Amino acid sequence: MKGLLIFIFISIVCAACSITGTGGEPPRAHSEQNGADKPDTRQSDAKNGSVTVYTARHYEADSVLFEAFTERTGIEVIEIKGTAEELVARMKREGERTDADLFFTVDGGVLNFAKRENVLQPLRSDTLDNQVPARWRDPDYYWTGVATRARVIVYAKDRVKPEELSTYESLTDEKWKGRVLIRSYSNLYNQSMLASFIALNGEEKAEQWARGIANNFARAPEGGDRDQAKAIADGIGDVAIMNTYYVGQLAASKDPEEVRTAESLGVFFPNQETTGTHINISGIGLARYSHNPDNALKLVEYLTGKEGQTLLAKESFEFPVNEAAEVTEPLKSWGSFKAQRLDFSVMEKYREKAVAIFKRAGWA
Ligand code: FE
């Protein structure tokens, strides 16, 4: 099976689709979803149809996973990429005429936003129930987690000892003045992190933290998570708050410079004695007007199954949600850690508050 994966890059030229909100129509029933008893129409080279994923994720790993799924099932995966906001707006606009079968994104806040915007419908199967612990799913089944991601403290191994690190809060100490790196508050990863702190510690403490970190910036926030890692290697700062999987990506890079950067970094999971390390989630939901719900379910079951999860951890360096997944390096050496216990909907609930706090605290 070659070339079954088709990339269609989103072009927001949708003059034809002038359908706006679809009102309060109930989601379509999808009792036909379990297609197990349907005849297998696969011929020698025949495709078993397709599944279209509207995806806001930006990782090459996903293509590897989709190709593996196509190999297994003969079902073509069509990726339509865009920002989460664009894709949700597009699904609303397209209504029943949408091509979207699934919506795939990072961030618990975004997943909840899609649920609330009424572009998803519940997706449930015994297989999914067995593969994904309830903790990583929407309680109403509008989305299921596919991977978790930890936002940790990454440090310069030659300048910082892990014993000097403990909590996110401790990075506001005088000791770290001029040494802390983190990207802009306009990024969702930071907004969701601060939203989690609001939920766990209250608004006042969250604001104290944001101010304290701004006080200790090594430089005004710039670039993405990878750039913070590189800034540590360049000696601009000594610690960075960033997602672990970027360290994995750098370590696996074909660029020897990036590999050297990764080797100079340590990964520290903060708040192990308190509220746990901040985690966020990558998740997928069935589009409200999916035309291929059988194939959509098969893809979600694959992504969260042992094979898909093992491949995902290996390729994207995120943490699998299915405990049956096998993890390899570097996840293995990072070890297990205590994660925040959080309802992911707080990321949407407190997002605006988080942005206001960042602005008051003087983040760029
Ligand atoms: Fe990312």
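This is a predicted model: local features need pLDDT of at least 70, side-chain atom pairs count only at pLDDT 80 or more; totals for chains, interfaces and linings use all residues.
Which helices are among those that cover the buried residues of α14? The cover includes α3, α5 (188–201), α6 (203–216) and α13 (346–349).

## The chain as a whole

The chain contains 14 helices and 11 strands. Of its 364 residues, 46% are buried. Among the contacts with a separation of 6 or more, 80% are between residues 24 or more positions apart.

Helix α14 spans residues 351–361. Its buried residues are Arg351, Ala354, Ile357 and Phe358. Viewed down the axis of α14, these buried residues fall within an arc of 120 degrees, so they line one face of the helix.

Just after α14 comes Gly362, whose phi is positive, at about 85 degrees.

## Phe358

Phe358 is a residue of helix α14. A residue counts as buried when 20 or more other C-beta atoms lie within 10 Å of its own. Phe358 has 24 C-beta neighbours inside 10 Å and therefore counts as buried.

Which residues does Phe358 contact, leaving aside its neighbours within four places in sequence? They are Tyr185, Leu194, Ala210 and Trp363. Phe358 and Trp209 are 149 residues apart in sequence, while their C-alpha atoms are 9.9 Å apart in space.

Two packed helices are described by the angle between their axes and the distance between the axes. The axes of α5 and α14 come within 8 Å and cross at roughly 100 degrees. Helix α5 is therefore roughly perpendicular to α14. On the α5 side the contact is made by Gln191, Leu194, Ala195 and Ile198, and on the α14 side by Arg351, Lys353, Ala354, Val355, Ile357 and Phe358. Sorted by class, this contact of α5 with α14 has 7 nonpolar, 1 polar and 2 charged residues.

Helix α5 also packs with α6, at an angle of about 140 degrees and with the axes 7 Å apart. The two helices α5 and α6 are therefore oblique to each other, and their crossing is right-handed. In this pair, Leu194, Phe197, Ile198 and Asn201 of α5 meet Glu203, Lys205, Ala206, Trp209 and Ala210 of α6. The contact of α5 with α6 has 6 nonpolar, 1 polar and 2 charged residues. Leu194 and Ile198 are among the α5 residues in the contact with α14, and both are also among the α5 residues that meet α6.

## The pair α7 and α8

Helix α7 covers residues 225–233 and helix α8 residues 244–251. Their axes come within 9 Å and cross at roughly 65 degrees. For this reason α7 and α8 are roughly perpendicular to each other. The crossing of α7 and α8 is right-handed. Asp225, Arg226 and Ala229 of α7 make the contact with Tyr246, Val247 and Leu250 of α8. By class, the contact of α7 with α8 has 4 nonpolar, no polar and 2 charged residues.

## Backbone features in the loops

Most residues other than glycine have a negative phi, and most peptide bonds are trans. Several places in this chain may be read against that background.

Asp107 is not a glycine, but its phi is positive, near 90 degrees. Asp107 is found in the loop between β4 (102–106) and α3 (108–116). With 23 other C-beta atoms within 10 Å, Asp107 is buried. Phe317 is another residue other than glycine with a positive phi, of about 65 degrees. Its place is the loop between α11 (306–316) and β11. Is Phe317 buried or exposed? Phe317 counts as buried, because it has 27 C-beta neighbours inside 10 Å.

The peptide bond from Glu329 to Pro330 is cis, and its omega is near 0 degrees. Pro330 lies in the loop between β11 (319–320) and α12 (331–334).

Technical notes
Residues are numbered from 1 along each chain as its sequence is written. Axes are lines fitted to C-alpha atoms, for helices over the stretch in contact, and angles run from 0 to 180 degrees between N-to-C directions. Helices (H or I, at least four residues) and strands (E, at least two) are DSSP runs, numbered from the N terminus. Angles under 35 degrees count as roughly parallel, over 145 as roughly antiparallel, 65 to 115 as roughly perpendicular and the rest as oblique. A crossing is left-handed if the near helix is turned anticlockwise from the far one by less than a right angle, and right-handed if clockwise. Two residues are in contact if their C-beta atoms, placed from the backbone, lie within 7 Å. Ala, Val, Leu, Ile, Met, Phe, Trp, Tyr, Cys and Pro count as nonpolar, Asp, Glu, Lys and Arg as charged, and the others, Gly among them, as polar. A residue is buried if 20 or more other C-beta atoms lie within 10 Å of its own, exposed if 12 or fewer, and partly exposed in between; C-beta atoms are placed from the backbone. The arc is that of the directions from the helix axis to the C-beta atoms.
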